[in-house]
Amino acid sequence: MRNMSEATAPAGATELMAAVVQERYGAEPEAVLRTAQLARPRARPDQVLVRVRASSVDRGTWHTMAGLPYPVRAVFGLRRPKYPNPGRNLAGVVEAVGADVTGFAPGDEVYGTAVAAFAEYVAARPDRLAPKPAGLTFEEAATVPVSGLTALQAVRDEGRVREGQQVLITGAAGGVGTFAVQLAHACGAQVTAVASTPKLDAVRALGADRVLDYTREDFLADARRYDVIIDIAGNRGLGDLRRALTPLGRLIITGGETDGAWLGGTDRQLRAQMLSPFTRQHLGTFISSEHAEGLRDLTAFIDAGTLKPVVDHVYPLGETAAAVRHLLDGRVIGKLALVLSGR
């Protein structure tokens, strides 16, 4: 179905699209996110114009929306948001390609990342896109890029998880966690997953060999030691996590959620990196990279049947604020998708 602007606009008129709009920073999604009609973007010679079929929200959506911690604003705008909306994930169909772009053609189904992806159309970099996995719906595919790439880099590249290792994953029921559990299991590791009571069965179904309920027990209190800990929950001290590692173990911190306006919990990552050179344990963090090569690697796991997105709920674009609120409530298992109108 064409949108109204396509059906009624005279030749040469600006074509419009539905998009989420954010004009100021704010921690409450209902106060800063709205839906409006914006001019449809055009692809530069080095870009791909994608008609977005679905997008998704993640924790980074909130950080970009709120402008917190404050260093986020150095990238996304100091006083007000630089981009129309905080969306980054997309799955859709190529509408047009720039003159300098190769490897994509109109009609191709793709997924990946772009700025301001909460919109019916986005102009994306080709090195941030890959063919959409054939076995996934658009809604499923749109939940993969940011969280899936973070999990892949945490498990494979930073954690260097290998067959037979003991791996602990905190925050295992979240967006990154559900992918990390499956990827660690696919690597042949013995996976211990930490989640809350209502989420244990879902995490177990993803391939976790052992599940622990953090609301009922201290998951670091026993004598078990882990070769790799992937800390996504971000609510345990660095010393506690180190004691749960083997002498040569690897700690990968991917989360650190606090109310700190300046560091936002990243102080643990900073302290881990400063301490790591002085211990046999590897203590570190990383900034996830968004690139087509990683997306193709994720597609290979998906096509092999060893990786599957967990979609908790699908919202229409007009309810993006409600989706972010649902995420903040902490009850989500896996991911929240956004479906675009005019499909």
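**Note on salt bridges and overall fold**

1. E28 has a relative accessible area of 42% and is therefore partly exposed. The model is a predicted one. E28 pairs with R325 in a salt bridge whose closest N and O atoms are 2.4 Å apart. E28 sits in the loop between strand 1 (16–21) and helix 2 (29–32), and R325 in helix 12 (residues 320–329), so the bridge ties together parts 297 residues apart in sequence. R325 counts as partly exposed, at 24% relative accessibility.

2. A salt bridge also joins D127 and R125, at 2.7 Å from N to O. D127 is partly exposed, with a relative accessible area of 38%; for R125 the value is 41%, again partly exposed.

3. In helix 9 (residues 238–243), D240 and R243 lie three residues apart, about one turn of the helix. Their salt bridge has its closest N and O atoms 2.4 Å apart. D240 is partly exposed at 25% relative accessibility, whereas R243, at 53%, counts as exposed. Both belong to a salt-bridge network that also includes D218 and R236.

4. Over the whole structure, the search finds 19 salt bridges. The protein has 39 positive and 37 negative charges, with mean positions 4 Å apart.

5. The protein contains twelve helices and 15 strands. Its radius of gyration is 20 Å, close to the 20 Å given by the globule rule for 343 residues, so the protein is as compact as a globular protein of that length. The C-alpha trace spans about 70 × 40 × 40 Å along its principal axes.

6. Of the 343 residues, 54% count as buried. The accessible surface is about 15300 Å², with 53% of it belonging to carbon and sulfur atoms.

Terms used. Residues numbered from 1 in each chain as written. Predicted model: local features only at pLDDT ≥ 70, side-chain atom pairs only at ≥ 80, totals over all residues. Heavy atoms only, no water. Helix = DSSP H or I, 4+ residues; strand = E, 2+ residues; numbered from the N terminus. Rg over C-alpha atoms; globule rule 2.2 N^0.38 Å. Buried < 20%, exposed > 50% of the residue type's maximum accessible area, 1.4 Å probe, protein only. Areas by Shrake-Rupley, 256 points an atom, 1.4 Å probe, with all protein chains shown as cover. Lys, Arg positive; Asp, Glu negative; His and termini not counted. Charge placed at Lys NZ, Arg CZ, Asp CG, Glu CD. Salt bridge = Lys/Arg side-chain N within 4 Å of Asp/Glu carboxyl O.
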